[in-house]
Amino acid sequence: MNRYLALIIAVLSGAELQAFELAPKLVVNITIDQLRTDYLEAFTPLYNENGFRKILNKGIVYDAASYPSTPIDRASAIATITTGTTPYYHGIIGQRWLDRATLRPVFCVDDPKHYASPHRLMTSTIGDELKVSTHGAALVWSIAASKDCAILSAGHAADAALWIDDNTLRWRNSTYYSTTTPEWLKAYSSTNVELGKNKQLTNDAVVNMALQTVTSTTLGRDEISDLLCVTLSATKPDGNMTDWQTEMESVYMQLDNSLGRLITGIEKTVGSSSVLFVITSTGYADETESDLSQYRIPTGTFYINRTANLLNIFLSAVYGQGRYVDTCFGNEMYLNHKLLEQKNISLADILQRSQDFLVQNAGIADVYTSERLLQGNNDIIKLRNGFHPSLSGDIIIQVAPGWRLVNENTLESFTSRTGFMPFPIVFYGAGTHAERVSLPITTDRIAPTIAKCLRIRAPNACSTEPLF
């Protein structure tokens with residue numbers, strides 16, 4: 001092997017040699033759930049030298065990152081990062097959505113055969129392409145506290161996706177990836193993870209497992225590049241917050257310690273020049289709901305189930321008796337396509353009539369039909385990117401900012417908010433040099449950038465350019 005490498009190096013030009021040497025032995029793709037630039041910067045004086053301070057001072061920092069689709073949650077965000085495309089193509093429109101066949105909610109990675117798997121992820125990931133390019137020789141591992149983060153980061157061809165089981169509080173892997181468990185993992189997983197209600201303990205458990213994985217495998221320690229995906233969290237365990245400064249100060253200080261341990265431990269094992277760290281956020285925030293009326297802020301309650309009933313009455317008057325709206329889920333309405341076929345009703349016609357009726361209701365800012373979204377006009381391209389024709393509802397209702405959407409049948413509720421949440425993308429290590437970039441960029445460019453660094457193809461639905 002050494003003679004073979006020496007021969008390759010001997011025939012390479014100077015530029016080619018530089019490119020050859022820059023391919024990292026290990027890429028560590030770190031996604032931090034709900035990481036926010038405003039909090040990150042507010043607590044900068046409190047950080048140690050090994051975590052946020054190190055990556056922000058020594059890495060390539062893109063300040064103005066965003067997602068190319070909306071809405072965004074943890075699952076759709078991670079799928080976008082790893083595939084380099086949007087839910088319109090990769091099919092993960094959220095953690096949960098409605099199965100049109102059964103009209104029941106499904107969880108994005110649930111699988112009756114393997115308990116959990118990436119079978120609903122419709123495109124390849126950066127890990128998949130690394131496996132293909134190395135004929136399966138590269139190692140791809142993913143570690144997170146939750147199964148959706150672990151599996152969607154891992155992709156289809158990974159060696160393992162590890163998460164903490166909610167019932168046993170032990171590390172778990174899907175039989176989709178392997179029916180056998182390495183002895184080191186059996187031993188490490190034999191005891192419960194001490195979590196309690198402290199988010200820091202969860203982050204520390206993920207970091208401990210990541211470091212154990214690097215130590216117990218050959219990740220980053222041969223000529224073939226490997227990938228390790230890690231998901232951490234920048235949230236409070238209960239999601240409620242009474243004083244952001246004192247409560248989030250503690251969260252970010254503890255997160256900084258966890259991140260620092262992860263970076264330092266991997267650099268010691270693999271070598272700082274051989275590992276590329278990529279850090280970003282899921283790009284959304286679960287905020288504590290407040291009673292806006294007591295502050296005289298415009299607000300109200302929009303009952304989507306009642307509105308669906310009214311729409312059914314209206315459509316029955318137009319087309320004849322029938323249940324035209326099958327059900328509602330989130331802010332989406334699903335039409336009864338079988339009934340439309342039986343009555344020979346044009347989908348385009350009923351969608352237009354439904355839109356005209358719904359926009360007259362109080363609390364609705366706009367109504368997006370599947371027909372309108374599929375046209376893909378630039379003014380609604382982010383909404384189109386977050387939509388999937390075979391999974392999403394036929395009618396998507398945008399509730400007015402400050403209004404609360406309630407579904408009395410499913411007990412779902414949320415308050416509409418359209419504010420922008422800033423977060424960064426950081427590349428650190430493997431020969432990168434400190435740089436600040438303020439140009440707006442999107443997270444679907446992370447995957448092609450990693451692919452370029454690894455000298456492999458980008459995922460198969462990725463059409464965006466690398467960042468550098």
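Let's start with Asp99. Asp99 touches Arg104 and Val106, leaving aside residues up to four places away in sequence. Keep in mind that this is a predicted model.

Where does Asp99 lie? It lies in strand β3, residues 96-99. Asp99 is partly exposed, with a relative accessible area of 27%. Its side chain reaches the backbone nitrogen of Ala101 at 2.8 Å. Asp99 and Ser392 are 293 residues apart along the chain, yet their C-alpha atoms are separated by 9.1 Å.

Next, helix α5. This helix covers residues 74-83 and is mostly covered: ten of its ten residues are buried. Among them are Arg74, Ser76 and Thr80, along with Ile78 and Ile81. So what caps the N-terminal end of α5? Asp73 does, with a side-chain oxygen 3.3 Å from the backbone nitrogen of Ala75. Just after α5, Gly84 takes a positive phi of about 75°.

Last topic: cysteines. A disulfide is a covalent bond between the sulfur atoms of two cysteines. How many disulfides does the model have? The count comes to zero, with sulfur pairs required to lie within 2.5 Å. Take Cys462. The closest cysteine sulfur to its own is in Cys453, 13 Å away, and that is too far for a bond. Cys462 is buried, with a relative accessible area of 16%. Cys328 is buried as well, at 9%.

Helix α5 is capped by Asp73. And the disulfide count is zero.

Definitions and conventions. Residues are numbered from 1 along each chain as its sequence is written. This is a predicted model: local features need pLDDT of at least 70, side-chain atom pairs count only at pLDDT 80 or more; totals for chains, interfaces and linings use all residues. Side-chain values use heavy atoms; hydrogens and water are left out. Helices (H or I, at least four residues) and strands (E, at least two) are DSSP runs, numbered from the N terminus. Buried means under 20% relative accessible area, exposed over 50%, partly exposed in between (1.4 Å probe, protein chains only). Contact means heavy atoms within 4.5 Å. A polar contact is a pair of N or O atoms within 3.5 Å; within protein, one must be able to donate a hydrogen and the other to accept it, and residues adjacent in sequence count only if both atoms are side-chain atoms.
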